[in-house]
Amino acid sequence: MPPLLTIDRVSLAFGGVNALTDVAASVADGDITAIIGPNGAGKTSLFNITSGFYKPASGTVMFDGKDLLPLPAHARPKLGIARTFQNIALFAGLSVLENIKLGAHAQLKANAGTASLYLGPAAREERDVTAHIENNILGFLNLSEIRHRAVGGLPYGVQKRIELARALVMQPRLLMLDEPFAGMNANERLQMATYIRRCVTESRTTVLLIDHNMETVLGLSSHVVVLNFGKVIAAGTPDHVRTHSGVIDAYLGAA
Amino acid sequence: MADSIDIAAGKTTQLVPGRQWAYWQVAGWIALIIALVALPATASGYVLFMATLVAINVIATVGLNITVGYAGLLSIGHSAFIGVGAYASALMAIHLGTPLLLNVMVGSAAAFLVGLVFGAPSLRIKGVFLAIATLAAQYSLYFVFQQWTPVTGGDRGLSVPQVDILGMGDKGFYLLVVAVAVVLCIASRNLFRTRIGRAFIAVRERDYAAQVLGIDVVRTKLLAFGLGAAYAGVAGGLMGAFLRIVNPDQFTLLASVFFLAAVVVGGQASLLGSLLGATFMTLMPEMLRATMEVLGPPLGATDVAGFLSPLREVIFGAMIVGFLYFEPRGLAGLVERVRALATRS
């Protein structure tokens with residue numbers, strides 16, 4: 001089976017700083033792929049290229065056989081690409097349910113005219129998406145109790161789950177998670193890992209995730225790409241990466 | 001993980017009073033509509049005049065709240081869009097003699113298109129800088145109103161033929177304006193039950209996160225500007241037909257500030273806020289005048305009229321600063337506080 005996402009010889013520079021140099025990576029369909037590396041290695045830059053925030057100086061990014069780079073950021077979710085952010089990017093002024101509903105934006109069809117009348121199709125799709133969220137998302141992520149609360153004051157771990165819920169609503173083919181375990185204790189990390197694994201096994205979602213915590217990620221993913229200073233220094237199975245001398249150097253800081 | 005859920009669950013116990021509140025809310029809205037419809041039967045000409053003016057200003061304020069409150073695009077050119085609607089609608093009435101509702105719709109469509117044009121700067125700039133860019137709309141449209149004499153009548157403006165709704169005179173006009181205002185309030189509320197309204201708020205709060213959800217930030221911002229202007233256009237068309245005159249002095253920067261103040265004082269991103277703000281701002285000068293007429297002479301202020309105009313502006317300014325500082329959610333925020341107190345006890 002061809003990879004779902006193929007990143008090929010991608011380079012990106014900010015001014016004189018080379019954030020990414022000839023990065024190549026591929027994400028196999030139906031698997032969990034992890035990008036790891038120390039801070040500043042270029043992990044989030046790679047995500048931002050895939051999301052459409054940055055345009056690389058060279059290289060290609062193919063998703064399911066289509067070239068992603070000419071597409072603006074807002075056109076990419078329609079292909080089935082969802083993501084979360086390292087610093088939770090929820091909308092504080094909206095309730096939990098409304099935040100999650102925003103994840104379905106690209107699939108809903110109401111326009112200003114049908115929305116202001118709120119009859120027929122506009123009302124129906126709104127009811128359908130609410131039912132979908134209530135049945136398949138809220139229970140799964142343990143959010144039912146708080147669906148009508150404003151997200152502003154909720155605890156960090158809960159906000160992380162809401163952001164995951166928002167990304168899952170569109171039933172993405174590729175789910176990109178930027179540091180899903182950041183700031184969590186061991187217990188919460190375990191729980192989040194379970195959610196992620198269930199996304200793959202139950203919904204056939206492909207996951208690409210970033211972390212700098214090696215241990216959590218190595219146990220979860222089947223393929224690992226290690227970045228350091230904007231270059232791929234190793235890629236392969238967790239076992240291969242764990243014993244790779246370059247990776248050990250990068251993490252332990254040996255010369 | 002389990003702990004955090006318990007904390008969250010503990011705070012949802014107010015759900016039941018919340019539902020009761022929802023019933024009260026619906027009852028309140030129905031009572032308001034009944035009162036509005038019943039008003040002409042008892043009210044004097046003056047009260048009816050003010051009520052019509054309030055309803056027209058509500059329409060314009062609801063529109064500005066879409067642009068400024070929900071979508072977060074600061075605009076101080078709103079009265080110019082009201083002007084576009086007023087002139088377009090008046091010209092239709094004068095030259096084509098078409099019915100009022102059609103004129104108002106055309107005026108609204110014209111304002112929508114002009115709003116899209118002047119909303120374009122919002123794609124690149126935000127906040128105060130955007131507000132200054134919208135000044136361009138204010139001044140350039142005012143210039144057109146004033147200088148394009150063959151069409152707009154210049155400084156003297158246009159005199160609009162009288163419309164008689166169902167032979168009911170002022171009462172008929174009032175009822176029509178209230179009906180339009182109610183429909184447009186419901187439309188704006190509906191908007192925020194769907195993806196369109198959510199997209200406005202998402203763009204206001206985090207435009208990068210909005211993009212990865214598939215929201216086209218450019219289209220969303222333009223739509224927010226256009227819709228706000230379309231509401232302004234409706235208000236303008238009705239205003240022209242109501243006052244039976246359209247001239248540039250109605251569409252000054254001060255008028256734009258008036259509507260911005262209505263949004264801020266009433267409550268940003270809130271329908272109730274638009275209603276309260278527009279009502280308060282329209283009636284405040286009148287309440288002030290009444291107060292001064294009673295209090296003025298004993299205090300030695302004989303020239304009440306001369307005193308009133310500067311005082312009004314001082315109070316406008318103080319209200320805006322006061323609300324921004326003490327209650328950024330405006331009058332609607334005060335209502336919310338009262339509700340929270342009531343449901344807690």
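This is a predicted model: local features need pLDDT of at least 70, side-chain atom pairs count only at pLDDT 80 or more; totals for chains, interfaces and linings use all residues.
Buried area is the accessible area, taken with a 1.4 Å probe, that two parts lose on being put together, summed over both. With that in mind, please look at the model above, where chain B and chain A bury about 3500 Å² between them, 66% of it on carbon and sulfur atoms.

Residues are numbered from 1 along each chain as its sequence is written, chains are lettered from A and ligands numbered from 1 in the order in which they are written, and side-chain values use heavy atoms, with hydrogens and water left out.

Who takes part in the contact, meaning heavy atoms within 4.5 Å? Chain B gives 32 residues and chain A gives 42 residues. Between the two chains the count is one salt bridge, that is, a side-chain nitrogen of Lys or Arg within 4 Å of a carboxyl oxygen of Asp or Glu, and here the side chains of Glu126(A) and Arg198(B) meet at 2.6 Å, N to O.

On the side of chain B that touches chain A, the helices α1 (2-10), α8 (169-191), α9 (195-205) and α10 (207-212) each supply at least two residues, helices being DSSP runs of H or I with at least four residues, numbered from the N terminus. The largest share, seven residues, comes from α9(B).

Methods
Contact means heavy atoms within 4.5 Å.
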